[in-house]
Amino acid sequence: MTTRSFHFKNAPKKGASGFAGPSSALLKSQAQQRNHSEKLPANKVFLQQASLAILENDFAKARQVLDQAVSFYPQDPAIRRMSGDIHLQQNSYDNALMEYMECVGINPLDTKALCSIGKLLLLLGKENDAKGFFLAAHRTKPMEVFSAYSLIHTCMAVSDWSIFDTMPKLLQLGDKAPLDVKPFALLAVTDNPGLHKTRVSARAKTIAKNVKENKKFNHTTVKGRKIRLGFFSSDFFNHATMLLLGRFFEMVDRERFEVCLYDYGTQRENEIQQRVKETSDIYHNVLDLNDGELAELARQDGIDVAIDMKGYTKDARLGVFVSRVAPVQVSYLGYPGTTGMSNMDYFVADEVTVPQAMRRHFSEKILYMPHCYQPNDNSRPLPEFSSDRAAHGLPEDKFVFCSMNNPNKVTPQEFNVWMKLLHEVPDSVLWLLAPTEFLQQNLLHEAEARGIDAERLVFAGRVRMSEHMERMQHADLFLDAFNCNAHTTASEAVWSGLPLVTKAGEQFAARVAASILTAIECEDLVTTTVEEYHDLALKLATDPEALAEVKQRLKDNLHTTPLYDSEAYVRDFENLMEKAILRYEEGLRPKHMSLN
């Protein structure tokens with residue numbers, strides 16, 4: 001493995017503040033000159049310069065511009081707010097809060113400042129407090145998109161479903177400002193792949209507006225040499241993505257491929273990161289590079305296939321791929337939906353998650369894995385019982401339904417079914433992931449509104465992965481969420497021997513658990529309607545022999561079916577990447593491809 005140092009011909013020299021730059025007088029002079037030519041006020045020019053730097057992920061440059069802007073315009077709320085946003089991006093929470101409070105002091109009805117405080121509180125894990133600020137902003141300006149979508153996201157995080165009556169109107173607001181739509185929040189509240197594609201495509205066009213696509217590569221044929229795969233992520237640590245991948249990078253055939261990792265995560269010197277670092281051929285810590293510099297670095301490395309593992313999740317860097325860093329660009333694993341980007345060539349899926357009729361909801365062409373698109377690590381230890389039900393607050397003599405999905409995935413639709421099941425199976429409880437008191441209180445309120453007593457709900461907190469895998473063995477049946485299924489959690493349940501009932505929906509995110517169950521040859525646990533979902537769950541809860549047969553089949557199939565055949569998965573993935581780059585070399589446009 002090589003860890004490379006690098007420099008750029010045109011990169012600005014670094015100084016004490018990150019990047020050396022012009023003096024304050026020169027900055028103001030430049031702003032005034034631009035004002036004269038473009039008839040923009042100087043404060044707007046500062047904001048424009050900072051915005052361009054942010055779009056390029058050049059936060060050091062944005063920080064410099066905004067520090068100067070604040071000194072000239074201390075009462076400009078937009079400048080103070082953007083300054084706070086950069087502090088937030090740089091994990092300087094106290095300074096961010098000070099800037100936001102300055103905005104509120106200037107204008108107590110500044111909805112953007114209220115939302116910024118809410119955003120900061122979310123990062124601090126104070127979801128309920130954040131909801132209050134988003135709600136205040138939404139009530140002040142009901143048509144503002146960012147506050148509406150932030151409110152949706154935060155209400156879902158705390159299981160406050162009071163917004164569902166107005167959900168269609170809230171979602172419609174996204175037509176006005178696609179950059180303010182939270183794509184992942186959208187997936188959790190509606191199973192509408194057409195709407196999702198519309199929203200992210202508009203967002204992608206906005207991201208690409210000021211970026212020129214590079215189409216020229218000094219590319220030599222991969223025939224007779226190793227294919228260079230570049231993986232881009234901020235999740236090379238104890239993250240769900242890496243738990244799925246496990247030994248993936250170690251198992252890549254080094255006779256045919258080289259692995260290059262571009263790590264822009266903030267976590268350093270953790271065990272998993274060190275492991276992937278040692279098993280890669282080239283590793284770069286690129287956290288401090290802006291998008292242009294990162295793209296240039298990848299081109300210098302001669303990447304053949306660039307693989308984005310973030311999409312629209314936290315710390316995404318899609319701007320890097322807008323400029324095109326490799327002849328072939330692939331969206332993989334991190335985000336369960338289309339990027340909407342015209343120059344993201346492929347999306348890795350399977351026949352269950354993206355059947356032929358659903359391809360129209362993707363801007364990318366589909367690379368079909370022969371089984372489940374999701375990798376799994378068969379070297380992880382099987383969980384062993386090290387506790388009893390009482391240790392988790394569970395009754396020893398009752399049937400335990402569970403849903404260990406993140407709370408933001410649960411909607412009133414599936415909760416209605418779960419409450420109906422509790423009525424029909426009186427000797428049962430529902431075990432839910434609900435790590436905070438206000439989340440628990442909201443769920444208890446919803447249960448009681450449906451005639452279910454508080455003692456029928458049992459709550460689980462967040463624990464270490466080994467404990468989580470062990471505790472799931474105490475449940476009898478996992479009940480999946482609808483719009484956004486269990487993904488990593490579904491394969492964890494299966495690995496723990498816990499049967500899972502899912503409903504396959506329309507969008508990719510609503511079909512992942514179906515893919516996992518199909519790959520382990522338990523497709524009879526996949527339903528397609530709410531009624532089928534309810535009936536199957538009820539049968540398994542009231543027919544001990546049927547449930548025992550499913551549990552035994554899961555156990556028997558664990559090492560004989562494709563889901564946990566990690567080695568075969570890597571070979572299939574490699575072959576798809578090879579097909580994609582060879583097609584490029586033939587001068588052909590991307591197309592839907594499988595290994596058949």
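Which residue forms a salt bridge with glutamate 213? The partner is arginine 324, and the closest N and O atoms of the pair are 3.0 Å apart. A salt bridge here is a side-chain nitrogen of Lys or Arg within 4 Å of a carboxyl oxygen of Asp or Glu. The model is a predicted one, in which local features need pLDDT of at least 70 and side-chain atom pairs count only at pLDDT 80 or more, while totals for chains, interfaces and linings use all residues. Residues are numbered from 1 along each chain as its sequence is written, and side-chain values use heavy atoms, with hydrogens and water left out.

Back to that first pair. Helices (H or I, at least four residues) and strands (E, at least two) are DSSP runs, numbered from the N terminus. Arginine 324 is buried, with a relative accessible area of 7%, whereas glutamate 213 is partly exposed at 27%. Buried means under 20% relative accessible area and exposed over 50%, with partly exposed in between (1.4 Å probe, protein chains only).

Arginine 324 also has a backbone feature to point out: its phi is near 70°, a positive value in a residue other than glycine. Most residues other than glycine have a negative phi. Leucine 333 is another case, with a positive phi of about 75° although it is not a glycine. Leucine 333 lies in the loop between E6 and strand E7 (346-349), and it counts as buried at 13% relative accessibility.

Now for the other salt bridges. The structure holds 28 of them. Side chains of opposite charge can pair when their charged atoms come close. In one of these bridges, aspartate 175 meets arginine 199 at 2.7 Å, N to O. Aspartate 175 is in the loop between helix H9 (167-172) and helix H10 (183-189), and arginine 199 is in helix H11 (residues 193-208), so the pair links parts that are 24 residues apart in sequence.

Glutamate 574 pairs with arginine 571, with 2.9 Å between the closest N and O atoms. Both belong to helix H24 (residues 566-585), where being three residues apart separates them by about one helical turn. Glutamate 574 is buried at 1% relative accessibility, and arginine 571 is partly exposed, with a relative accessible area of 31%. Arg571 and Glu574 are also linked with Arg256 and Glu578 in a network of salt bridges.

What about a charged residue that is buried yet has no salt bridge? Aspartate 76 is such a residue, and the nearest side chain of opposite charge, lysine 44, is 5.7 Å away. For charge, Lys and Arg count as positive and Asp and Glu as negative; His and the chain ends are not counted. Aspartate 76 lies in the loop between helix H3 (59-72) and helix H4 (77-89). Its side chain reaches the backbone nitrogen of alanine 78 at 3.0 Å.

Aspartate 304 is buried too, with a relative accessible area of 1%. This residue is found in the loop between helix H15 (291-301) and strand E5 (305-308). A polar contact of 3.5 Å joins its side chain to that of histidine 219. A polar contact is a pair of N or O atoms within 3.5 Å; within protein, one must be able to donate a hydrogen and the other to accept it, and residues adjacent in sequence count only if both atoms are side-chain atoms. Leaving aside neighbours within four places in sequence, the residues in contact (heavy atoms within 4.5 Å) with aspartate 304 include His219, Arg225, Arg228, Pro327 and Ile581. The C-alpha atoms of aspartate 304 and tyrosine 584 are separated by 9.8 Å, although the two are 280 residues apart along the chain.

Finally, a helix pair. Helix H22 (residues 530-542) and helix H23 (residues 544-557) pack at an angle of about 100°, with their axes 5 Å apart. Axes are lines fitted to C-alpha atoms, for helices over the stretch in contact, and angles run from 0 to 180 degrees between N-to-C directions. H22 and H23 are therefore roughly perpendicular to each other, a label for angles of 65 to 115 degrees, with under 35 counting as roughly parallel, over 145 as roughly antiparallel and the rest as oblique. Lys539, Leu540 and Thr542 in H22 meet Pro544, Ala546, Leu547 and Val550 in H23.
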